[in-house]
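Please look over the sequence and the model below before reading on.

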Amino acid sequence: MILANRVAIVTGAGSGIGRAGASIMAREGAHVVVADVDFMNADETVREIVAAGGSAESLVLDVTDDRALEDGISAIANRHGRIDILHNHAGAQVAGDLEQVAIEGFDKSWALNVRAHFMAARLVMPLMTRAGKGVILNTSSSSGVLYDREMIAYTTTKHAVIAMTRQMAGDYAKFGVRVNALCPGWVDTPFNEPFIAQMGGRDAIESYIAEKVPLGRWADVSEIAEPILFLVSDRSSYMTGQILVVDGGETVV
Ligand SMILES: NC(=O)c1ccc[n+]([C@@H]2O[C@H](COP(=O)([O-])OP(=O)(O)OC[C@H]3O[C@@H](n4cnc5c(N)ncnc54)[C@H](O)[C@@H]3O)[C@@H](O)[C@H]2O)c1
């Protein structure tokens, strides 16, 4: 098991990609802290992991609440004495161009997609630098390297995640801490439900993906979990400040 004895925190691990990433880390021996604002979702992920023979606990919190994040991370640090992996994954997609987007949604996007990643990384970093090792993975998106039509809040925040990842990587490599970003393309999870509704239903999104994605289909969460495992494990031990795009070829055309 390639993550034996490691403690990992995964935000947004109650569903979708976050859950699949949490599960594969647990399969590889990590104790996983399932951090999610949704109690039922977090609990379900923990139960799935434990049923599969893994080790996990839930941490129910809104990652945009600084106080809750600080209390939660310090409780984990006190309980386990270490945090080896932080996967900052929780994020939101708020639609609209410059004039349409709700200001509140724009601010919420920056708070969740960027600032919460920044805060969680800042809180775990002292433990990692003291240990002389650690891994932070920030979820961006193919929208962090492309520009989507009428999605100013999402594309700008996901581009910022990449800038922040590279900045942190450069600053903390000397302490043995690696920081990389993951850019998934279209992954079939509840995250896309608002976009599917906006497009006019499942058939519309299926033909859109068939046309836009060279591989012609959605990713299954398992196809994102494997790159997550690569990035948080020693398999990527000489990689920092990099952006791994897993998008079925969408960004090459
Ligand atoms: N699914 C895709 O197609 C796709 C593609 C590219 C990037 N992403 C990125 O992946 C992340 C989530 O996608 P997913 O498909 O796993 O979504 P999902 O909807 O399946 O799961 C998101 C989870 O995050 C939790 N969450 C939301 N806000 C939170 C908060 N404030 N605090 C704590 N937890 C919170 C939700 O409760 C939920 O359990 C986002 O960062 C998104 O930008 C997704």
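His89 sits in the loop between strand 4 and helix 4, where helices (H or I, at least four residues) and strands (E, at least two) are DSSP runs numbered from the N terminus. This is a predicted model, in which local features need pLDDT of at least 70 and side-chain atom pairs count only at pLDDT 80 or more, while totals for chains, interfaces and linings use all residues. Residues are numbered from 1 along each chain as its sequence is written, and side-chain values use heavy atoms, with hydrogens and water left out.

- His89 has a relative accessible area of 12%, so it counts as buried (under 20% relative accessible area, with exposed over 50% and partly exposed in between, for a 1.4 Å probe and protein chains only).
- Leaving aside neighbours within four places in sequence, His89 is in contact (heavy atoms within 4.5 Å) with Thr11, Gly12, Ile17, Gly18, His117 and Thr139.
- Although His89 and Ala116 are 27 residues apart in sequence, their C-alpha atoms are 9.7 Å apart in space.

**Strands 4 and 5**
- Strand 4 (residues 85-88) pairs with strand 5 in the parallel sense over 4 bridges, pairing being assigned if DSSP finds at least two bridges between two strands.
- Within these strands, Leu86 stands opposite Ile136 of strand 5.
- Strand 5 is mostly covered, with 6 of its 6 residues buried; Gly134, Ile136 and Asn138 point one way, and Val135, Leu137 and Thr139 point the other way.

**Helix 5**
- Helix 5 (residues 152-172) has 21 residues and reaches 30 Å from its first C-alpha to its last, close to the expected 30 Å, a span defined as 1.5 Å times one less than the number of residues.
- Its buried residues, among them Tyr154, Lys158, Ile162 and Met168, pack against helix 4 (103-131), strand 5 (134-139), strand 6 (177-184) and strand 7 (243-246).

**The ligand**
- Of the 30 residues around the ligand, Ser15, Asp36, His89, Tyr154 and Thr189 come nearest, a residue being near if one of its heavy atoms lies within 4 Å.
- Polar contacts here are pairs of N or O atoms within 3.5 Å: an oxygen atom of the ligand is 2.9 Å from a polar backbone atom of Val187, and a polar side-chain atom of Asn41 lies 3.4 Å from a ligand oxygen atom.
- The protein covers 90% of the 830 Å² of accessible area that the ligand has on its own, as computed by the Shrake-Rupley method with a 1.4 Å probe.

Note on methods: A polar contact is a pair of N or O atoms within 3.5 Å; within protein, one must be able to donate a hydrogen and the other to accept it, and residues adjacent in sequence count only if both atoms are side-chain atoms.
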